[in-house]
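I opened the notebook to look up a few points in this structure.

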Amino acid sequence: ITAAEGPAALSRALALNVPQVYVSSLPLQALITQADTPPREMPKGQSFERTDLEGFVAPEGPVQTGLAEMWSTLLGVSPVGADDSFFDLGGHSLIAVRLFAAVKREYGVEFPISVLFEAPTIADIAARITEQTGEIVDTDTADTETSKPRFIHLVPLNEVKPTQAAPLFVVAGMFGNVLNLRHLALQFADARAVYGLQARGLIGDSAPHDTIAAAAKDYIAEIRQVQAHGPYLLSGFSGGGITAYEMARQLKSAGEEVAVLALLDTPLPVRPSLSKPDKARIKIAELREKGPRYLLEWAQNRIAWEKSKREGYVEDTAGAQFNNTKIEAAFLRAVGQYQTPDWDGAMILLRPALDRRFKVGGGNWVSEAREYVFDDNEWTQFAPHVRVIEVPGDHDSMVLSPNVVVMAAELREVIFEALDTQAPRQATAAE
């Protein structure tokens with residue numbers, strides 16, 4: 001969008017008088033088509049030629065050269081330099097999965113894609129590959145890498161040093177992948193370190209945690225290597241908020257202070273099932289809305305569901321890097337047996353606007369996904385001091401740009417208020 005078009009677009013957007021406006025340089029239909037199209041590799045020979053190559057550093061050696069070819073193919077950008085950042089070139093989680101699957105095939109080494117936070121460039125990844133394959137590595141790089149503690153769960157999501165301020169720790173959602181938390185971390189890149197906590201078993205053969213309590217215990221062991229004592233700032237996205245909740249309980253039991261416990265649209269460990277009367281109310285409402293077409297849709301959905309049960313689910317692992325199915329199954333088993341304890345401290349629930357699709361019995365509402373929705377996600381029964389803050393977006397997009405800007409601002413304010421009442425002490429492992 002040009003500088004001349006910007007003010008005119010902004011004026012039109014403000015004149016709409018609606019709560020949220022998205023402005024794009026693409027026509028609406030083209031934007032929808034682009035969003036609905038899954039990422040794919042650029043056809044061979046087709047890429048965006050870069051014109052601004054100031055400071056460009058050409059790849060050196062077979063590993064860097066091979067990686068640059070992979071990046072160029074997957075990202076559709078040419079040429080790719082040794083010091084170019086994966087994220088700056090438009091990389092995201094789906095491309096990262098294919099990238100590291102290609103790295104495994106070509107070099108026989110396996111990395112979690114969270115390594116991109118610590119090693120975002122061709123040169124960085126090449127150093128990690130040669131370190132594992134036993135090839136010659138630059139001495140300075142090798143010393144730097146080996147001097148860093150290696151974590152299973154803890155992933156630094158921005159480049160802020162933890163000694164600047166108390167770090168914010170965010171537990172990944174149900175699938176254990178922290179990459180979608182990068183947008184949130186960047187909102188704190190001016191002053192506060194943000195660490196993601198990823199699931200065990202995300203790659204490789206390690207077994208996922210069997211219980212929420214065990215996961216929380218291991219996560220705490222690693223965050224204490226960064227911050228030895230509280231006050232702690234804990235958060236968790238979606239299902240990860242349940243683990244953050246348990247971490248807060250364990251830290252408090254150990255005599256530590258949890259200044260902030262912020263759940264990002266986290267549901268209860270076990271949601272209430274729809275009652276038979278409410279299921280009937282929903283079917284009646286859809287029949288009135290859609291007429292005979294609803295019966296046809298219901299029959300088609302039922303047939304598809306029965307077919308999927310007979311055929312079973314076969315995971316496509318050809319290009320995948322994550323053990324998504326294994327992580328999800330373990331998480332669901334763990335939350336199914338988790339006995340939610342009471343929490344008498346402050347707690348924040350940041351969530352998007354409720355999807356009130358169907359009005360059912362008892363004045364309750366049900367979402368399009370056929371789940372009961374409540375203002376507090378029903379957490380008040382366990383955490384009576386929970387405060388709800390509504391943020392833009394939906395469950396997935398609330399942690400992505402541009403919606404995450406608003407959520408991060410709310411979270412900043414929560415942290416400021418909490419730490420304003422705390423002692424200035426911020427003990428870290430470095431001290």
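Which residue in β7 is the bridge partner of Leu234? I found Leu261. I note that I am reading a predicted model.

**Entry: the sheet**

β6 covers residues 232–237 and β7 covers residues 258–264. They run parallel, and six bridges join them.

Next I traced the whole sheet. It is open and has seven strands, in the order β3-β5-β4-β6-β7-β8-β12. The pairing is mixed. I then checked the edges, where β3 (154–156) and β12 (386–390) stand. Each has a single partner strand, so one side of each lacks a neighbour in the sheet.

Helix α9 (residues 240–253) touches β4 (168–171), β5 (194–197), β6, β7 and β8 (347–351). Its direction makes about 155° with that of β6. Helix α13 (residues 403–420) touches β4, β6, β7, β8 and β12. For α13, I noted an angle of about 160° with the direction of β7.

**Entry: salt bridges**

How many salt bridges does the count come to? I got 14. I went through some of them.

Arg128 and Glu118 meet through their side chains at 3.3 Å, N to O. Arg128 sits in helix α5 (residues 122–133), while Glu118 is in the loop between α4 (93–107) and α5. The two are 10 residues apart. Is Arg128 buried or exposed? I have Arg128 down as buried, because its relative accessible area is 7% and the cut-off for buried is under 20%. Glu118 counts as partly exposed at 29%.

Asp218 pairs with Arg200, with the closest N and O atoms 3.7 Å apart. Asp218 lies in helix α8 (residues 212–223) and Arg200 in the loop between β5 and α8, so this pair ties together parts 18 residues apart in sequence. I logged both partners as partly exposed: Asp218 at 28% relative accessibility, Arg200 at 27%.

Glu417 and Arg387 form a salt bridge at 3.7 Å, N to O. Here helix α13 supplies Glu417 and strand β12 supplies Arg387, so parts 30 residues apart in sequence are tied together. I recalled that α13 also touches β12 in its packing on the sheet. Glu417 is partly exposed at 41%, and Arg387 is partly exposed at 38%.

I also found a network: salt bridges that share partners join Arg351, Asp375 and Glu390.

I looked for cis peptide bonds. One runs from Ser78 to Pro79, with omega near -5°. Pro79 lies in the loop between β2 (77–78) and α4. Another joins Ser401 and Pro402, with omega about 5°. I placed Pro402 in the loop between β12 and α13.

Then I checked phi. Asp265 is not a glycine, yet its phi is positive, about 50°. Where does Asp265 lie? I found Asp265 in the loop between β7 and α10 (276–290). Asp265 is buried, with a relative accessible area of 12%.

Asn377, also other than glycine, has a positive phi near 55°. I located Asn377 in the loop between β11 (372–373) and β12. Asn377 is buried at 16% relative accessible area.

Terms used
Residues are numbered from 1 along each chain as its sequence is written. This is a predicted model: local features need pLDDT of at least 70, side-chain atom pairs count only at pLDDT 80 or more; totals for chains, interfaces and linings use all residues. Side-chain values use heavy atoms; hydrogens and water are left out. Two strands pair if DSSP finds at least two bridges between them. Helices (H or I, at least four residues) and strands (E, at least two) are DSSP runs, numbered from the N terminus. Contact means heavy atoms within 4.5 Å. Axes are lines fitted to C-alpha atoms, for helices over the stretch in contact, and angles run from 0 to 180 degrees between N-to-C directions. A salt bridge is a side-chain nitrogen of Lys or Arg within 4 Å of a carboxyl oxygen of Asp or Glu. Buried means under 20% relative accessible area, exposed over 50%, partly exposed in between (1.4 Å probe, protein chains only).
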